[in-house]
Amino acid sequence: MQVTTMTFTVEPCSQDTVLVRIGKALDFRNAADFKSTCQTQVRSGARNFILDFSETGILDSTGLGSIFSLYRQVSPIEGQVVFAAVSRPVQVVVQLTRTYKVFRQFPSVEAAKESLV
Amino acid sequence: MESVKHRFRDLATAVDEARDAIDATLSSWTGEVVADTVELAKLVAHEWIANLVRHASFSGRAPDITLDVWTEGPIIRCVVEDNSSGFDLEAELDLARRELGRAPERGMGLIMVHEFTSDLVYEHLNVTHHRASWSISAEDNPHLDLQV
């Protein structure tokens, strides 16, 4: 069952893996909503997060910080945060901040699901 | 390329308008490298204007932000002027660097502006007029190593 918050759609993929569709932007305007969305999923048992960036035109420092926050929550419980279908604007941020060293990237949501589920 | 000036008066839409303005102004640039450089220019403008939106004091004045953007060969030049009360950029950068821990949740915006640009200058023209200018080159390879 999909759950749609103000900006983010969450789809369960397995017992402990969820897909979060980021949509057009993850930035200072909705990062708090993203954090809240993910915290709810972690409390419900999710520890692996696939972030779908296929439609994302904006990822700023605050958005990236909210992803780091999620990473800090799930990594102690051996969870993962992975990026799927990364758009050019997001890829620029990933390259600039070298965060590809931490967050695996997959060319598609399906490829990410195959790896994690 | 002659500079093109854009004006934003609505803080709720300023970052989006700035990104659109850069896209429109630089639409004649083509090529793989310059596409990423345009994205970087949009990111930096976003971070600077987001900082204004989130933290600037306009002391009851109607916000007035302008963005000039143009190219000189492989370089994008940007100037953002605003009528806020201004801030101490060096002090804020120092604070942000000191507080930048592992997997940082906040404080990266101004650091990104500083690290991803060259010739960053922030001037207080008067109490209610401030100007930031910077350059971004398609030939540079900036990065920010974050401890995660």
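Predicted model: local features only at pLDDT ≥ 70, side-chain atom pairs only at ≥ 80, totals over all residues.
**Exercise 1. Decide how H1(A) and H2(A) are oriented to each other, and list the residues that make their contact.**

Step 1. Take the geometry. Helix H1 (residues 31–43) and helix H2 (residues 61–74) of chain A have axes that come within 9 Å and cross at roughly 15°.

Step 2. Apply the cut-off: angles under 35 degrees count as roughly parallel. H1(A) is therefore roughly parallel to H2(A). The crossing is right-handed.

Step 3. Collect the residues. H1(A) brings Ala31(A), Phe34(A), Lys35(A), Cys38(A) and Val42(A), while H2(A) brings Thr62(A), Gly63(A), Gly65(A), Ser66(A), Ser69(A), Leu70(A), Gln73(A) and Val74(A).

Step 4. Sort them by class: the contact of H1(A) with H2(A) has 6 nonpolar, 6 polar and 1 charged residues.

**Exercise 2. Work out whether H3(A) is largely enclosed or largely open.**

Step 1. Pick out the buried residues of helix H3 (residues 88–97) of chain A: Pro89(A), Val90(A), Val92(A), Val93(A), Val94(A), Leu96(A) and Thr97(A).

Step 2. Draw the conclusion. Because 7 of the 10 residues are buried, H3(A) is largely enclosed by the rest of the structure.

Step 3. Check what comes next: Arg98(A) follows H3(A), and its phi is positive, near 60°.

**Exercise 3. Trace the strand order of the open sheet in chain B and name its edges.**

Step 1. Read across the sheet. Its 5 strands come in the order S1-S2-S3-S5-S4, with antiparallel pairing.

Step 2. Find the edges. Strand S1 (4–8) and strand S4 (118–126) of chain B each pair on one side only. On average, neighbouring strands are turned by 15° against each other, direction ignored.

Step 3. Zoom in on one pair. S1(B) and strand S2 (residues 65–72) of chain B run antiparallel and are joined by 5 bridges, with Lys5(B) standing opposite Asp68(B) in S2(B).

**Exercise 4. Describe how H3(B) packs on H4(B), then what H4(B) and H2(B) supply to the side that touches chain A.**

Step 1. Helix H3 (residues 89–99) of chain B meets H4(B) at an angle of about 110°, with the axes 9 Å apart. The two helices are therefore roughly perpendicular.

Step 2. In this contact, Glu92(B), Leu93(B), Ala96(B) and Arg97(B) of H3(B) meet Leu110(B), Ile111(B) and His114(B) of H4(B). By class, that gives 4 nonpolar, 1 polar and 2 charged residues.

Step 3. Move to the interface, where 23 residues of chain B are in contact with 20 residues of chain A. Helix H2 (32–55) and helix H4 (108–116) of chain B each supply at least two residues to chain B's side, and H2(B) gives the most, with 9 residues.

Step 4. Finish with the classes: chain B's side divides into 13 nonpolar, 3 polar and 7 charged residues.

Methods
Residues numbered from 1 in each chain as written. Chains lettered and ligands numbered in written order. Contact = placed C-beta atoms within 7 Å. Helix = DSSP H or I, 4+ residues; strand = E, 2+ residues; numbered from the N terminus. Nonpolar A, V, L, I, M, F, W, Y, C, P; charged D, E, K, R; others polar. Pairing = 2+ DSSP bridges. Axes fitted to C-alpha atoms, helices over the stretch in contact; angles between N-to-C directions. Parallel < 35°, antiparallel > 145°, perpendicular 65-115°, else oblique. Left-handed = near helix turned anticlockwise from the far one by under 90°. Buried ≥ 20, exposed ≤ 12 C-beta atoms within 10 Å, placed from the backbone.
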